[in-house]
Each structure stands twice: as C-alpha cells, then as structure tokens.
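Welcome! Please take a look at the sequence and the model below, and then let's explore them together, one question at a time.

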Amino acid sequence: PVVVVGGGGDGGGGIGGSRPGLKLKYPAAKILLSIQKAVQAQPADKRAALIAQTSELWAVVEPYLFSMEEIILSALSSLLERYITVEQLFDDMSFSDMVNKLRKDHSDDLQKVLLLCRSHVNIAAKN
C-alpha cells in the first residue's frame, strides 16, 4: 500500500513539511522482519510466548506485505491449482472406478471423497 502525503492544499507542504504528493510505502516487510529477528533472538523456551504476544500485530501487518494485484493473482492461482488437482484424479479412470479408489484410499475420511466427487460432477458449473 502506498500512502500519498501532502498535496492537500494546507499550504504546509503536507505532513511534517513533506513535499506535496510524496508517496510512502508502508514498511510491512521491515516490521515483520523485526518481529522475526526478535523471536529468533529469544531462547527457545521463550519464543512461544513472544510469538503469542506479537501474533495480533503480525496479523494486522501481514496483509500489507503484498499489493492487491499480487493477492488476487495468488488467490486465482490457488483456485486453479485446486481445480486441476481434482480433475486430474478423474483423468485416467472412469468415474465409478475413481470413486471406488477414493473410498478405498480415504476410508477414514469419506467426507473428502464426497467433496471430491461433488466437485468433479459440477465441472460444468466451474468452467
């Protein structure tokens, strides 16, 4: 995220005497790197406590690490990877053979089998 400082017509050249229209980038990477270095500098038995104490700060800063375009591309890439992963399962076998194989492979998690099959059956809606 870029913050434009100044140029607001206040005559003072913007915040703190900055030049009008000066663009500042939020230092998310520097903040997170500082937290990470502080955690690594702690003895192993104290790291978990520091991580817990800084987790909310981390959660607030982390979304500013990437631009909106990068976030959108990452989400799209993730969706495409999931789509391809499901469809590749059904590529080499008939639907009934794959269902039987999935039931055998995931006998402890039949919900996963159901979700995979539903996803494949609804392929027309996804395309």
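**A friendly tour by question and answer**

Q: Which helix gives the most to the lining of the largest pocket?
A: This is a predicted model, in which local features need pLDDT of at least 70 and side-chain atom pairs count only at pLDDT 80 or more, while totals for chains, interfaces and linings use all residues. Residues are numbered from 1 along each chain as its sequence is written, and side-chain values use heavy atoms, with hydrogens and water left out. A pocket is an open set of points on a 1 Å grid over the protein atoms alone, where a 1.4 Å probe fits, with protein on both sides within 12 Å along at least five of seven lines; lining residues have an atom within 4 Å of a point. With four residues, the top contributor to this lining is helix 3.

Q: Which elements give two or more residues to the lining of the largest pocket?
A: The lining is made up of Leu 79, Arg 82, Tyr 83, Val 86, Leu 115, Leu 116, Ser 119 and Lys 126. Helices are DSSP runs (H or I, at least four residues), as are strands (E, at least two), numbered from the N terminus. The elements that give two or more of these residues are helix 3 (68-89) and helix 5 (110-121).

Q: How many residues of this lining are nonpolar?
A: Ala, Val, Leu, Ile, Met, Phe, Trp, Tyr, Cys and Pro count as nonpolar, Asp, Glu, Lys and Arg as charged, and the others, Gly among them, as polar. On that basis the lining has two charged residues and one polar residue, and its nonpolar residues number five.

Q: How many helices are there in the chain?
A: Starting at the N terminus, the elements run β-β-α-α-α-α-α-α. The chain therefore has two strands, and the count of its helices is six.

Q: What is the relative accessibility of Phe 90?
A: Phe 90 forms one of the two aromatic pairs in the structure. Its partner is Phe 95, and the pair is stacked, at 5.6 Å centre to centre with 15 degrees between the planes (rings of Phe, Tyr and Trp, for Trp the six-membered ring, pair if their centres lie within 6.5 Å; planes under 30 degrees apart are stacked, over 60 edge-to-face, the rest tilted). Phe 95 is partly exposed at 37%, with buried meaning under 20% relative accessible area, exposed over 50% and partly exposed in between (1.4 Å probe, protein chains only). Phe 90 counts as buried because its relative accessibility is 7%.

Q: How far apart in space are Leu 50 and Val 39, C-alpha to C-alpha?
A: Leu 50 lies in helix 2 (residues 44-61) and, at 18% relative accessibility, is buried. Leaving aside neighbours within four places in sequence, Leu 50 is in contact (heavy atoms within 4.5 Å) with Ala 38, Val 39 and Gln 42. Leu 50 and Val 39 are eleven residues apart in sequence, and their C-alpha separation is 6.4 Å.

Q: What distance separates the C-alpha atoms of Val 99 and Val 113?
A: Val 99 sits in helix 4 (residues 95-105), and its relative accessible area of 12% makes it buried. Val 113 is 14 residues away along the chain, and the two C-alpha atoms are separated by 7.4 Å.

Q: Which residues does Ile 123 touch, not counting those up to four places away in sequence?
A: Ile 123 belongs to helix 6 (residues 123-126) and is partly exposed, at 26%. Glu 87 is 36 residues from Ile 123 in sequence and 8.5 Å from it in space, C-alpha to C-alpha. The residues that Ile 123 touches are Tyr 83 and Glu 87.
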